[in-house]
Amino acid sequence: MTPTLADKAKQVVQTLRDKGFEAYWAGGCVRDLVMGIPPKDFDITTSATPDQVIQSFKKTIPIGAQFGVVQVRWMGESFEVATFRTESLYTDGRRPDSVQFSTAVEDVKRRDFTINGLLYDPFEQKVIDYVGGVADIAARIVRAIGDPEERIAEDRLRMLRAVRFASRLGFRMDDATFQAVRTHASAIVVVSAERVRDELLRTLSEGGGHTGIRLLYETALLRWVLPEIETSAHRIDQLAAMLTHCRHHDPPLALALLLYPLNDSAIHKVCVRLRMSNHDGRRIRDMITLSKQIPDIAVLDTASHRRFLQNDLIPDAITLHRIIATAAEADLSAARRCELDRQTLIDHNMLMPQRLLSGHDLMSWGFKPGPHFRIVLTAVEDAILRGEVKNPEEARAFAENLLKCIP
Ligand code: ATP
Ligand code: MG
């Protein structure tokens, strides 16, 4: 039988133990196992120092050796193997000033939440719980390990992580942890835009977005991570309803729902501030713009109508439109019509009609290039979209006719 990911993760532990080191599975994978969810990756924690880990395996990449993290390549898989460590003094609320290698207990105590602070011995098949994580999983609670105020002061990102895990897992936040987040919400601004963006988008798009938006609002984090959007209780209800219908694991789509009421330049600013890639930023803006035009397509002339439907982002725009309309229990006929029109064009092979004419053709017939070329070529394309021009001969006749009228 081919070894599973878990088998391989067990072999990595075995290899370290054979050399006399302590080693366990740790963090998210143990939480998932206890919850009966198959882990998507296995992190390993060990008493071996990074140098010792590097010596124990043939292929390693020291991804964060100064923090004690080495990536081990094993049977075609990658595992993060981290040395037991204590992190001390976070003077900037973002990263530790130094790390010391330590013991399994100490390592668990530096982790963020009890549910993330479990170890697992794959040979004894035993969960090792120094922090009460098993009970909190059973009670479905996200609780900081130790004093929530201190843990948040160390690393402000943990505020967003608490919201993310509560949303994704459908857990509630422990009262003291919740209060600490609410008290310190404004301090989220010290965290880098990239880390905030990643947590925010995961919170909205990993299936618990409706809980996520409520928790972001109730903890006041939303005001600091997305000050541009309206955050009345009513608006949050609306967004929560939309996010329930947003089961697409598509982070830009989720963000588009939040940014929908803003104008294009405001949306652009938010995307830049959150350091979204150009591709994602463009996609968000275009799907919103197109989506807002969907109700008006019935009044477009044939060529403009087809040109609109040609856009690659129309399916996204329809999805966005549908989610918003469904959440508002509003009329879906515009979205349906748009979808149907596009499908009809696809079925008739008419969505992207062949280009029948280029500027080179016009030149080869002796016309001098200039700004009028664009006008003529667009007019020919429109005629093709209307179905009035069907082949290169008709295209040529149409173009020559037009060019004759241009001085
Ligand atoms: P996911 O399934 O979302 O990857 P995860 O629990 O594996 O969940 P990661 O962000 O991959 O989360 O982090 C792995 C582990 O490292 C966590 O379970 C937690 O123990 C620890 N950890 C990660 N980030 C922090 C942090 N900011 N502060 C403290 N501990 C952290
Ligand atoms: Mg993980």
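Biologist: How far is an oxygen atom of ligand 1 from the side chain of Arg-111?
Modeller: In this predicted model, an oxygen atom of ligand 1 lies 3.1 Å from an N or O atom in the side chain of Arg-111. Local features need pLDDT of at least 70 and side-chain atom pairs 80 or more, while totals for chains, interfaces and linings use all residues. Residues count from 1 along each chain, chains are lettered from A and ligands numbered from 1 as written, and side-chain values use heavy atoms, without hydrogens or water.

Biologist: And what about Arg-31 and Arg-202?
Modeller: For Arg-31 the distance from a side-chain N or O atom to an oxygen atom of ligand 1 is 2.8 Å, and for Arg-202 it is 2.8 Å.

Biologist: How much of ligand 1 does the protein cover?
Modeller: The protein covers 81% of the 590 Å² of accessible area (Shrake-Rupley, 1.4 Å probe) that ligand 1 has on its own.

Biologist: Switching topic, which residues of α9 meet α13?
Modeller: Leu-201, Leu-204 and Ser-205 in α9 are in contact (heavy atoms within 4.5 Å) with Pro-251, Ala-254, Leu-255 and Leu-258 in α13.

Definitions and conventions: Helix = DSSP H or I, 4+ residues; strand = E, 2+ residues; numbered from the N terminus. Polar contact = N/O pair within 3.5 Å; in protein donor to acceptor, adjacent residues only side chain to side chain.
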